[in-house]
Amino acid sequence: MSVPKFNEFFQDFMEFLSDEQEHVVQEVRDYLAGIFNLSDEDMRATTPSGGNLFFNRVSWTQTYLKKAGLIANPEHAVVVITPLGKKILDDKTEFTLDFVKDLMIKNGEYPTEPATRFSHVRRTKTRT
């Protein structure tokens, strides 16, 4: 098996947090690696820039779920399900990429306009 895409971790990430307790991110990673039966080779896979692929994808999972308001980070490297996340999980809603993106958009945490070449540059003064 290869390392799943970040959005394929959504459901299991949320289910792990369903006990409403704070968890160290490493606990979540260990759980996900087990659920997906990732091999040692999978766990050593790297991104094109040389980072760990599994860690990278779990980090993106965490980022999306947090921006959607489903999880929170009460402190560094600690995650907990939010009341909204728990309600949605209890309602048996499937955590698809589209569903999570919709929540992010509602929270103003997902760009709805296409990025332009220099859209990340903050302009403070215009020339006249």
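The model is predicted, so local features need pLDDT of at least 70 and side-chain atom pairs count only at pLDDT 80 or more, while totals for chains, interfaces and linings use all residues. Residues are numbered from 1 along each chain as its sequence is written, and side-chain values use heavy atoms, leaving out hydrogens and water.

Begin by selecting Phe 13 and Leu 70, which touch the most other members of the largest nonpolar core, a group of 30 residues. Such a core is a set of buried Ala, Val, Leu, Ile, Met, Phe, Trp, Tyr and Cys residues joined through side-chain atoms within 4.5 Å; buried means under 20% relative accessible area (1.4 Å probe, protein chains only). Among the elements that each supply at least two core residues are helix H1 (10-16), helix H4 (53-67) and strand S3 (78-81). Helices (H or I, at least four residues) and strands (E, at least two) are DSSP runs, numbered from the N terminus. H4 gives the largest share, five residues.

Next, select Thr 61 in helix H4. Is this residue buried or exposed? Thr 61 is buried, with a relative accessible area of 0%. Beyond residues up to four places away in sequence, Thr 61 touches Phe 6, Phe 9, Phe 10 and Phe 13.

Finally, display H4 with H6. Their contact (heavy atoms within 4.5 Å) is made by Tyr 64, Leu 65 and Lys 67 of H4 and Leu 97, Val 100, Lys 101 and Met 104 of H6. These residues divide into five nonpolar, no polar and two charged.

Notes
Buried means under 20% relative accessible area, exposed over 50%, partly exposed in between (1.4 Å probe, protein chains only). Ala, Val, Leu, Ile, Met, Phe, Trp, Tyr, Cys and Pro count as nonpolar, Asp, Glu, Lys and Arg as charged, and the others, Gly among them, as polar.
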